[in-house]
Amino acid sequence: MAGNKKKHYRIAWLPGDGIGKDVMEAARIVLDKVQLDAEYIPGDIGWEFWCKEGDPLPQRTIDLLNNVDAALFGAITSKPTKEAEEELIPELKGKGLIYRSPIVRMRQLFDLYICLRPCKAFVGNPLNYKNDIDLVVFRENTEDLYSGVEFYPVPQEIKFILQKLSKNFKSFENLEADEFAISCKINTKKGSERIIRAAFEFARQNGRRKVTIVHKANVVRATDGLFLETAKAVAKEYPEIQFDEANVDAITMWLLKNPNNYDVLVAPNLYGDIVSDLCAQMVGGLGFGCSGNIGERLAVFEPTHGSAPKYAGLYKVNPIATILAAKMMLEWLGELEKAKLIENAVAEVIKEGKVRTYDMGGNNTTIEMAKAIAEKIN
Ligand code: IPM
Ligand code: MG
């Protein structure tokens, strides 16, 4: 999963919008301190480019991503504010375009099939749910309910086929095309197998004891059934790792009740999205959730939080999630020593508790936090 360590890196630098710019500035302070030999090449992405060009992921950014070793990404609007929508969308809607977060497209376009979300509690973080949580979520990142195969209004031919094939569920039968909608949950065996294998490989390489498969196969028989069956087959290749499975609803309760029963979790896209937010909250919430979107050739690292437009440019938000995303990027590049330096520095600053952003109950700025972390790196 890790890239090959080399001397000089080309990193796509994608701040995006809202607080994306604030937290990326902070991450850069820390990256500069570890003296990664890299050029950071800015790329255009997000709401601003949608407004200007009708495309939040312009072709030049795709070209850039095709020519870099990795990317660090800040945040982008996934759903514009009502005002922004009213002001700008009518004109674009006329062109038949609808704004969608480009992160989902980027994941699919570059086949970044692993969404890796480590959730580890740092000692001294006042936001910890429990102090010894150390969970790692592997979320499938390209298919499932995120396939983008959706219908609204529903074309006549689709309705016709469903009417023919659906045995019990008939509630849409007498409805007009715009009175119901369909979003397809599409899961492939290949897509399921590679994310499950990635989770088991990670467990093996990192001395983890257990992998829990998150699903809802008792109800969603076809897709989640396939996911679970595939997992059972893959697990046989890893006899030293405990195989565990849980329904997605139940695991949200059990995770809260006893997080230490879990270790590595692997889930289809939507369940992984939800469960990873839950796990992130247990280790401090938005300011601490970091994420890697990882494919065979390219990986894009990001904080899990959104663009929080109301805080944009105020340098108020916690940059630790982005700094930890940068740390994950270094790990993926094979720069393990530099990654460790960053992780240790973050741990020290949190443990000392002298510098804290507002979410942690303090009043330090985004940049002060980044500088405090950078100062711990020698
Ligand atoms: C995430 C986010 C995204 C997702 C949104 C912003 C499209 O929630 O990365 O978890 O749903 O994947
Ligand atoms: Mg999410």
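**Loops, sheet and core of a predicted model**

User: Where is Pro153 found?

Analyst: This is a predicted model. In it, Pro153 sits in the loop that runs between strand E6 (150-151) and helix H6 (156-165).

User: And the peptide bond from Tyr152 to Pro153, cis or trans?

Analyst: The bond from Tyr152 to Pro153 is cis, and its omega is near -5°. Most peptide bonds are trans.

User: Which loop holds Gln35?

Analyst: Gln35 belongs to the loop between H1 and E2. Its phi is near 50°, which is positive although the residue is not glycine.

User: Is Gln35 buried or exposed?

Analyst: Gln35 is exposed, at a relative accessible area of 62%.

User: What about Asp144, what is its phi?

Analyst: Asp144 is not a glycine either, and its phi is positive at about 70°. Asp144 lies in the loop between E5 and E6.

User: Buried or exposed, for Asp144?

Analyst: Asp144 is buried, with a relative accessible area of 1%.

User: Switching to the sheet. In what order do the strands run?

Analyst: The order is E2-E1-E3-E12-E11-E4-E5-E10-E8-E9, which makes an open sheet of 10 strands with mixed pairing. At the edges are strand E2 (38-42) and strand E9 (242-247), each of which pairs on one side only. From one strand to the next, the twist averages 20°.

User: In which sense do E4 and E5 pair?

Analyst: Strand E4 (residues 114-120) pairs with strand E5 (residues 134-140) in the antiparallel sense, over seven bridges. Within that pair, Cys115 stands opposite Arg139 in E5.

User: Which strands does H10 touch?

Analyst: Helix H10 (residues 269-282) packs on the sheet and touches E4, E5, strand E8 (210-215) and strand E10 (264-267). The direction of H10 makes about 160° with that of E5.

User: And which strands does H1 lie across?

Analyst: Helix H1 (residues 20-33) lies across strand E1 (9-16), E2 and strand E3 (70-75). H1 runs at about 150° to E1.

User: Back to H10. How do the axes of H9 and H10 cross?

Analyst: The axis of helix H9 (residues 248-257) comes within 11 Å of that of H10, and the two cross at roughly 10°. Angles under 35 degrees count as roughly parallel, so H9 and H10 are roughly parallel to each other.

User: Which residues meet there, in H9 and H10?

Analyst: From H9 there are Val248, Ile251, Thr252, Leu255 and Leu256, which meet Tyr271, Val275, Leu278, Cys279 and Met282 in H10.

User: Now the core. Which residues touch the most other members of the largest nonpolar core?

Analyst: Leu72 and Phe138 do, in a core of 67 residues. Helix H11 (residues 320-333) gives the most to this core, with 10 residues.

User: Where does this core lie relative to domain 1 and domain 2?

Analyst: The core lies between them, because domain 1 (1-121 + 285-378) and domain 2 (134-145 + 184-282) both give residues to it.

User: Last one, how far apart are the centres of domain 1 and domain 2?

Analyst: The C-alpha centres of domain 1 and domain 2 are 25 Å apart. The contact takes 17 residues from domain 1 and 19 residues from domain 2. The assignment also gives a domain 3 (150-182).

Notes. Residues are numbered from 1 along each chain as its sequence is written. Chains are lettered from A and ligands numbered from 1 in the order in which they are written. This is a predicted model: local features need pLDDT of at least 70, side-chain atom pairs count only at pLDDT 80 or more; totals for chains, interfaces and linings use all residues. Side-chain values use heavy atoms; hydrogens and water are left out. A nonpolar core is a set of buried Ala, Val, Leu, Ile, Met, Phe, Trp, Tyr and Cys residues joined through side-chain atoms within 4.5 Å. Buried means under 20% relative accessible area, exposed over 50%, partly exposed in between (1.4 Å probe, protein chains only). Helices (H or I, at least four residues) and strands (E, at least two) are DSSP runs, numbered from the N terminus. Domain bounds come from an automatic or database domain assignment. Two strands pair if DSSP finds at least two bridges between them. Axes are lines fitted to C-alpha atoms, for helices over the stretch in contact, and angles run from 0 to 180 degrees between N-to-C directions. Contact means heavy atoms within 4.5 Å. Angles under 35 degrees count as roughly parallel, over 145 as roughly antiparallel, 65 to 115 as roughly perpendicular and the rest as oblique.
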